[in-house]
Amino acid sequence: MPGEAMQPNETQRQIRDAARAFARRVIAPNAAAWDRDEAAPRTVLREMAAAGLMGVMVSPEYGGAGADFVAYALALEEISAADGGLSNMMAANNSPVAAAIQQHGTPEQKSDYLTRLTSGEWFGCIHLTEPHTGSDAAAIRTRARRVEGGWRLDGHKAFITGGATAELAMIVAVTDPAAGKKGISTFVTPTANPGYKVIARERKLGHRTNDTVQVVFEDMFVPDGDLLGDVGRGLAIALANLSAGRIGVAAQAVGGARAALEAAHAYAGERETFGRPIIEHQAVAFKLAAMATEIEAARQLYLHAAGLRDAGEEAATEASMAKLFASEMAERVASEAIQIHGGAGYLNDFPVEKIYRDVRVYQIYEGTSEVQKIMIARNLDAIVAGN
Amino acid sequence: MKILVPVKRVVDYNVKIRVKADQTGVDLNNVKMSMNPFDEIAVEEALRMKEAGSADEVVAVSIGVQQCQETIRTALAMGADRGILVKTDAELEPLHVAKILKAVIDEENPELVILGKQAIDDDCNQTGQMLAALLGRPQGTFASKLELVDGKLNVTREVDAGLQTITIDMPAIVTTDLRLNEPRYASLPNIMKAKKKPIIENTPEDMGIDIAPRLSVLKVEEPPKREAGIKVETVGDLVDKLRNEAGVI
Ligand SMILES: Cc1cc2nc3c(=O)[nH]c(=O)nc-3n(C[C@H](O)[C@H](O)[C@H](O)COP(=O)(O)OP(=O)(O)OC[C@H]3O[C@@H](n4cnc5c(N)ncnc54)[C@H](O)[C@@H]3O)c2cc1C
């Protein structure tokens, strides 16, 4: 892709437009109410699946759309522009969970679990973070012990997006404490298991339309068939999709920022002070111009990284840069959008306060801003040398 | 039964349009284009008839620049079976479109043609009627309900006085009104599948159709800015303003 304009092709644009039409019709009109209720109906996830949003990159053989990564990121931006919380449910189900099963799953896991995830019959969540560790993923303690016919899991997971909603859990656990990073494995297993216990539902700043929960596994039996990929390759499997996840977060951030810009632009055309619409005060118009520019810069960063992934490259540095810039940009843009609304921006009656709350988390999950900087800093030699 | 659905590429309904500085038309630079919303309703209706078993093929046709192919692909992604692109860079008038459609219909022989009642760009509301006249076929315009009964078509029409239901013989021409249905959005898997559906290309010249302009646009202007409303104190004030300022009574 380098050298080519970072513009979506016809199919990618059609997918973006379809996601936008869906988001405008099904999500946007209800997002404020679902935010207040701190829940979106389960049926919305099924409708998203029926629209093809829950298995965007999964092969058609397993009910997916078989689209590329750029198309997926564009669709995610659209859902996020309507509601951040639901965009994160979409992200969890698509990548890592469905993507990891597509890449590493057995034929049985694909025809059973993957097909249920794309059809919307099931929703899939990812269990990596624990109460004592997030950024340092290799420090997890959830233990999987070998038993006859499978494994027994014990542990405590935290911050699990959709962990109470989900029918399928992708769980990262330690299978050999002596082996360090190579002693971690990944499982995909139904949450109907009696050993899977949701112990707390968090109350949070934003993303209130989804559930973020703590889960404990109590002597939970997981059969051999639910091991994903090879024993000891768990961290590699979970982290292989990390760049993808980061590009996804960048797309979510652009979506939120764009929604803030749209609201601020509309408001600035209507609100009058000193005898004219405030957009005719240059200070306000300049804010909007700067916001639009930042959003476009962030979008180009994520499209570039996504395009590299479609071309078969890891794009780790590009993904970190896109995530770092887009997530911090989104907070700035949402804040400016509130400023343009004046006092109204602080009220629930206008969409921007929700957007401001929703975008904050993009600087935290899938690697904090600090972690992104660590990743970029590690590659400075290559970056400075011009690759 | 085969259904033909013409689909037009227009400025997206969400775009706030701007008139070009030289007043020759609307600025189309960097503007998002989409399928005319009334045509989406037409595609949806055709697909519903197919799903109900009363049609077996839905063909989408678009006339205009190369990018109209994207509009056809949207129809294919919704579920249409194949597409026809009649390619031209010329400015088209309703009569040109009707003549080109007639030529397509002579070739394809659809029993039903469903068009949008108008396109949201020029709002002409002429093509369907002209097409019916050129073909000498019955027309049911402004349809808000369609029912196929014993080989005839019951069309409920939205007219000024309310709803009018007529029965017309097939083959027929129908134009859609807003309330006919709520069109589906294409699902992502169907967008991917639509890439493999065939679109054939043609040109007005190949079809022997004269598209020389018969109309000329003199000037395009922004509508006058709407003044803010006021509150009147008494009925007397209201009557006075209606009579002396608005001049409506
Ligand atoms: C809404 C939400 C949804 C989430 N969903 C999921 C999910 O579905 N599944 C899942 O597994 N997890 C999920 N997470 C967890 C998320 O990935 C972690 O919160 C994130 O990785 C940060 O980990 P932590 O919270 O433990 O912070 P810590 O790792 O404790 O970090 C605390 C602070 O220290 C900084 N820091 C840490 N290490 C360094 C260092 N080496 N150098 C400099 N600074 C450092 C961090 O940047 C941060 O500012 C979610 C979190 C939230 C808030």
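1. In chain A, Arg309(A) pairs with Glu314(A) in a salt bridge whose closest N and O atoms lie 3.9 Å apart, the term standing for a side-chain nitrogen of Lys or Arg within 4 Å of a carboxyl oxygen of Asp or Glu. Glu314(A) is partly exposed, at a relative accessible area of 44%, where buried is under 20% relative accessible area, exposed is over 50%, and partly exposed is in between (1.4 Å probe, protein chains only).

2. On conventions: this is a predicted model, in which local features need pLDDT of at least 70 and side-chain atom pairs count only at pLDDT 80 or more, while totals for chains, interfaces and linings use all residues. Residues are numbered from 1 along each chain as its sequence is written, chains are lettered from A and ligands numbered from 1 in the order in which they are written, and side-chain values use heavy atoms, with hydrogens and water left out.

3. Over all chains the salt-bridge rule gives a count of 45. One of these joins Arg299(A) to Glu77(A), with the closest N and O atoms 2.8 Å apart; the two residues are 222 residues apart and link distant parts of the chain, Arg299(A) sitting in helix 8 (residues 282–310) of chain A and Glu77(A) in helix 3 (residues 69–82) of chain A. Helices here are DSSP runs (H or I, at least four residues), numbered from the N terminus. Both partners are buried, Arg299(A) with a relative accessible area of 17% and Glu77(A) with one of 2%.

4. A further salt bridge, at 3.1 Å from N to O, connects the side chains of Glu262(A) and Arg258(A). These residues are four apart in helix 7 (residues 242–270) of chain A, so about one helical turn separates them. Glu262(A) is partly exposed at 40% relative accessible area, whereas Arg258(A) is buried at 10%. Both belong to a network of salt bridges that also includes Arg20(A), Glu77(A), Glu78(A), Glu296(A) and Arg299(A).

5. The contact between the chains, taken as heavy atoms within 4.5 Å, involves 23 residues from chain A and 17 residues from chain B. The area buried between them is about 1700 Å², with carbon and sulfur atoms giving 58%; buried area is the accessible area (1.4 Å probe) that two parts lose on being put together, summed over both. Of the area that chain A buries against chain B, Glu10(A), Gln14(A) and Arg25(A) supply 32%, more than any other three residues.

6. Three salt bridges are found across the interface of chain A and chain B, among them the one in which the side chains of Asp17(A) and Lys32(B) meet at 2.9 Å, N to O. Helix 1 (residues 10–37) of chain A provides the largest share of the side of chain A that touches chain B, namely 14 residues.

7. In chain B, helix 2 (residues 68–78) is mostly covered, with nine of its eleven residues buried, including Cys68(B), Ile72(B), Arg73(B) and Leu76(B). Just after this helix, Gly79(B) takes a positive phi of about 145 degrees.

8. The structure holds zero disulfides over all chains, a disulfide being a pair of cysteine sulfur atoms within 2.5 Å. For Cys68(B), the closest cysteine sulfur is that of Cys124(B), 16 Å away and therefore too far for a bond. Cys68(B) is itself buried, at 4% relative accessible area, and Cys125(A) also counts as buried, at 0% relative accessibility.
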